[in-house]
Number of protein chains: 2
Amino acid sequence: MMHARSSTDNSTLAQQQAIRAVEAALGPKAVTTDAQDIAPWLTDWRGRFHGRTAAILSPDSVEGVAQVMRFAAEHGVPLVPQGGNTSMVGGATPPADGSALILSLRRMNRIRSIDPAAGLAVVEAGVILADLHAAAAAHGMRFPLTLGARGSATMGGLASTNAGGTQVLRFGTMRGLVAGVEAVLPGGEVFDGLAALKKDNRGYDLDHLLIGAEGTLGIITAITVCLYPAVVQRAVAWAGVPDPETALSLLRRLERASDSVESFEIIPGDSLALVLQHIPGTRAPLAGPHAWHVLIEATTANAAAEAPAVLLERVLGAAITDGLVADATIAASEAQAEAFWRIRDSLSAAERASGPAVQHDISVPVATMPRFMIEAAAAAEARFPGTHATAFGHLGDGNVHFHVRAPAGVDATRWYGEDAPGVTRFVHDLVVAAGGSISAEHGIGQMKRAELERLSSPARLASLRAIKAALDPQGLMNPGKLLGLAETPRAP
Amino acid sequence: MMHARSSTDNSTLAQQQAIRAVEAALGPKAVTTDAQDIAPWLTDWRGRFHGRTAAILSPDSVEGVAQVMRFAAEHGVPLVPQGGNTSMVGGATPPADGSALILSLRRMNRIRSIDPAAGLAVVEAGVILADLHAAAAAHGMRFPLTLGARGSATMGGLASTNAGGTQVLRFGTMRGLVAGVEAVLPGGEVFDGLAALKKDNRGYDLDHLLIGAEGTLGIITAITVCLYPAVVQRAVAWAGVPDPETALSLLRRLERASDSVESFEIIPGDSLALVLQHIPGTRAPLAGPHAWHVLIEATTANAAAEAPAVLLERVLGAAITDGLVADATIAASEAQAEAFWRIRDSLSAAERASGPAVQHDISVPVATMPRFMIEAAAAAEARFPGTHATAFGHLGDGNVHFHVRAPAGVDATRWYGEDAPGVTRFVHDLVVAAGGSISAEHGIGQMKRAELERLSSPARLASLRAIKAALDPQGLMNPGKLLGLAETPRAP
């Protein structure tokens with residue numbers, strides 16, 4: 001906790017002026033300078049990135065955010081926007097040199113409206129995902145995006161990082177669920193794009209520019225999101241298949257038969273074995289061994305439609321008859337369905353329990369993913385003898401988590417420090433050669449910035465930098481994240 | 001055709017140098033300087049905008065486009081990108097002062113690949129929409145976006161203007177159908193974003209920035225588009241309803257019952273009367289008079305699913321029982337279905353036949369559209385005595401074509417010149433007050449530029465200008481379109 005000792009003592013005069021201006025304008029509740037209170041927000045939740053700051057500024061309205069932005073611009077003080085602090089890439093952790101203040105959106109936590117008939121809700125940036133789930137459910141509706149951090153991740157952060165999760169196959173990422181954006185731009189002007197217009201051709205799409213910008217172009221203060229009718233039936237199945245290519249063929253069959261498939265997760269046989277070995281209370285869903293497994297979830301919001309369990313039985317039955325699937329089972333109860341999902345959700349923990357490993361959140365075009373999974377794993381193992389490479393996850397999204405485990409018996413600290421970065425560069429090179437993305441759903445943040453710069457085409461990188469410089473000429477928005485341009489904030 | 005007399009005689013030295021460089025690099029087929037050959041491309045298809053140019057440059061590859069762009073940048077010559085020249089807002093017509101050259105994408109007309117299993121095609125900018133429809137059909141697939149100009153509109157233009165059409169309700173606009181973009185940026189660098197990644201969080205979304213940018217930030221040279229399984233059954237219905245609010249309730253019922261509704265078009269009773277009066281061979285689908293009508297199309301690609309006709313019968317029958325719908329009929333044949341659509345497609349022609357009128361392509365949030373249609377029409381008629389205002393079109397998209405007909409007996413030329421601009425400003429003010437868009441699907445081009453600047457918030461306008469200046473600092477991309485910034489191209 002050495003980094004938590006930041007206080008107003010080692011802040012700059014400019015920061016002091018900005019903090020005093022915010023306190024005078026918004027009151028003492030909007031300013032936190034106590035080192036103890038600040039400490040939890042200086043480290044990302046996985047404990048990989050550490051920063052310092054003199055204050056957390058917490059306005060509770062869009063006008064308050066605009067005032068904070070104007071004071072920051074006036075005094076040349078960079079701001080790090082923060083929601084639930086659940087970034088996987090250090091995207092919400094302030095710089096280590098204490099040069100920035102944290103702008104917390106957590107007090108902006110109102111659900112401004114829910115309109116079940118229109119299928120829309122307007123939520124402020126600080127609304128926690130699980131709270132929106134509950135509010136939608138109370139209206140017989142559903143906000144379909146969900147992920148492990150739903151109890152702390154905020155809607156503003158989810159939009160700013162274009163979050164994914166387990167339901168992307170059917171509903172898309174946040175980009176597909178956001179129907180409007182309200183944001184405060186770096187100069188302190190409010191951009192009001194909340195109106196949910198299905199068609200709007202008034203020039204460059206600023207909503208899409210702000211979604212996924214990781215707070216480097218402005219602060220999303222509220223969003224209009226799409227709601228869907230609540231699920232009335234779901235079914236979860238587990239199937240054994242010989243290889244990822246066959247798994248993809250099975251997915252295509254399911255998609256042709258229905259649009260009710262929400263999740264299609266692929267799991268290698270040896271990853272399942274690690275779960276069974278390390279995670280207490282887990283058991284194999286199928287009797288025999290299989291090289292690969294898939295976890296399938298189908299749902300419907302329409303009581304009159306074909307039941308998801310009937311659909312899965314029908315398609316999986318035909319696939320077994322046709323020799324595509326070796327064996328399959330449909331969860332007979334909610335408890336069994338949860339047990340299947342627990343295996344999927346325990347894959348990373350089981351990997352960690354079995355030794356050092358580096359993880360990569362990558363995507364390639366869906367059709368090429370089966371071959372990529374096999375060939376990239378073989379290439380990584382050949383290049384780094386003794387390692388074991390596996391890929392699992394959202395096959396239907398063309399997004400897998402590609403893990404490379406260290407050779408048995410290595411010193412973890414030495415391997416992470418000396419070998420792991422080279423492994424990551426090797427894997428990323430394979431991804432780029434396959435036309436893919438080195439960040440499928442986690443964003444760039446601090447963690448992948450150097451790799452983004454190393455692997456982006458000059459045209460792409462120059463465009464990103466030009467946009468950043470155009471919209472945030474003072475370099476005050478989330479410095480050190482996404483792009484190198486903002487690395488050195490300009491002092492006033 | 002006075003404006004068609006442009007020739008190399010009155011072009012600038014810089015233009016001559018650029019033209020010669022393109023000819024030397026790409027050969028004579030890539031350069032058209034003959035005034036007769038150029039003439040058809042100097043006027044928009046509706047004959048409202050007229051321009052001049054010294055040459056049409058027609059590269060047939062992305063490398064050729066990049067070379068043209070580099071020569072243009074070197075010599076400081078602005079370029080007007082052009083596809084099928086079907087813009088509704090003068091977006092592809094060169095400036096009247098002859099300061100720009102036309103960059104035609106029509107020779108880039110290859111379908112690079114079609115992958116039915118993945119549901120993807122890669123098409124060059126100059127591919128005509130109808131040609132993609134045919135190519136997809138040959139693979140049992142379908143590219144769902146369609147519109148009246150499908151025989152000449154090109155895929156690059158459709159993407160650059162984020163085109164809509166009649167199938168948006170189910171499939172979205174071009175923005176929702178484009179899975180990847182290849183573009184040449186103003187400096188001549190190629191941006192290759194064609195890979196269809198369902199998840200990609202590597203910073204600002206350049207694809208979405210280029211879609212709908214009307215060629216003012218770069219030239220889209222190819223796109224990856226989504227294909228869907230071909231339709232196996234369709235049904236078209238016509239229903240009479242008391243008001244737009246009831247029409248929207250009917251749409252909500254249909255959406256709850258099925259996701260197979262593709263079109264839901266609303267038509268006022270008096271507009272139908274105009275069609276029956278002015279368009280030969282049309283007849284009313286229903287026996288009695290109704291204040292409002294809706295045209296509904298439902299389709300399915302799944303032979304095992306509920307037949308669209310059965311769905312429409314079921315939902316419309318219940319709506320009649322519940323007093324929501326006064327009367328309804330389902331087309332008994334393809335010929336009758338086409339006859340229903342012909343009425344819808346003849347609305348503008350019938351309006352024109354009945355006298356001068358100004359048309360507005362506008363959107364507001366779907367839920368507020370029914371009230372807007374009634375109240376805005378009443379307000380316009382009260383403000384401009386003797387006029388008649390009607391709105392019809394894509395109710396389910398929150399997008400209608402709002403027409404105001406001139407008072408009977410006015411002089412058309414005088415009315416268009418003196419009164420119509422005030423009517424348009426009045427209607428646009430109402431749209432903005434309702435949180436809507438003054439351009440739902442046609443874009444800004446030349447026609448709506450002044451209104452965009454008058455009605456955009458300072459924050460929005462400043463952001464658009466900053467992006468334009470950042471990515472096209474020389475102001476060479478489609479000058480005079482979308483934003484004032486590019487109005488005066490900088491001479492070298």
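Modeller: A helix axis here is a line fitted to C-alpha atoms over the stretch in contact, and angles run from 0 to 180 degrees between N-to-C directions. With this in mind, consider chain B of this predicted model: the axes of helix 1 (residues 13–26) and helix 3 (residues 62–75) come within 9 Å and cross at roughly 155°.

Colleague: Why are helix 1 of chain B and helix 3 of chain B called roughly antiparallel to each other?

Modeller: The term applies to angles over 145 degrees. The crossing angle of these two helices of chain B is roughly 155°, so they are roughly antiparallel. Their crossing is right-handed.

Colleague: Which residues make this contact of helix 1 of chain B with helix 3 of chain B?

Modeller: Helix 1 of chain B contributes B:Ala14, B:Gln17, B:Ala18, B:Ala21, B:Val22, B:Ala25 and B:Leu26, while helix 3 of chain B contributes B:Gly64, B:Gln67, B:Val68, B:Phe71 and B:His75. By class, there are 8 nonpolar, 4 polar and no charged residues.

Colleague: At what angle do helix 9 and helix 14 of chain B pack, and why are they called roughly antiparallel?

Modeller: Helix 9 (residues 244–257) and helix 14 (residues 369–383) of chain B pack at about 160°, with their axes 8 Å apart. Helix 9 of chain B passes helix 14 of chain B in a right-handed crossing. In the contact, B:Pro244, B:Glu245 and B:Leu248 of helix 9 meet B:Pro370, B:Arg371, B:Met373 and B:Ile374 of helix 14. These residues divide into 5 nonpolar, no polar and 2 charged.

Colleague: What is the angle of helix 14 of chain B with helix 15 of chain B, and which residues meet there?

Modeller: Helix 15 of chain B spans residues 412–433, and helix 14 packs against helix 15 at about 145°, with the axes 10 Å apart. The crossing of this pair in chain B is right-handed. B:Phe372, B:Ala376, B:Ala379, B:Ala380 and B:Arg383 in helix 14 meet B:Phe426, B:Leu430 and B:Val431 in helix 15. The contact has 7 nonpolar, no polar and 1 charged residues.

Colleague: What makes the relation of chain B to chain A that of a two-fold axis?

Modeller: A rotation of 180° with 0.0 Å of shift along its axis superposes chain B on chain A, with an RMSD of 0.0 Å. That is why the relation is called that of a two-fold axis.

Colleague: How do you know that the copies meet through the same surface?

Modeller: Of the interface residues of chain B, 100% are also interface residues in chain A, so the copies meet through the same surface.

Colleague: Where does UniProt place the feature "domain: FAD-binding PCMH-type" in chain A?

Modeller: The unreviewed UniProt entry places this feature at residues 49–230 of chain A. In the model, that span is 23% helix and 24% strand, and its end C-alpha atoms lie 38 Å apart.

Technical notes. Residues are numbered from 1 along each chain as its sequence is written. Chains are lettered from A and ligands numbered from 1 in the order in which they are written. This is a predicted model: local features need pLDDT of at least 70, side-chain atom pairs count only at pLDDT 80 or more; totals for chains, interfaces and linings use all residues. Side-chain values use heavy atoms; hydrogens and water are left out. Helices (H or I, at least four residues) and strands (E, at least two) are DSSP runs, numbered from the N terminus. Angles under 35 degrees count as roughly parallel, over 145 as roughly antiparallel, 65 to 115 as roughly perpendicular and the rest as oblique. A crossing is left-handed if the near helix is turned anticlockwise from the far one by less than a right angle, and right-handed if clockwise. Contact means heavy atoms within 4.5 Å. Ala, Val, Leu, Ile, Met, Phe, Trp, Tyr, Cys and Pro count as nonpolar, Asp, Glu, Lys and Arg as charged, and the others, Gly among them, as polar. UniProt positions are given in the numbering used here, feature names are shortened, and annotations may be inferred rather than shown by experiment. Copies are superposed by least squares on the C-alpha atoms of residues with pLDDT of at least 70 in both.
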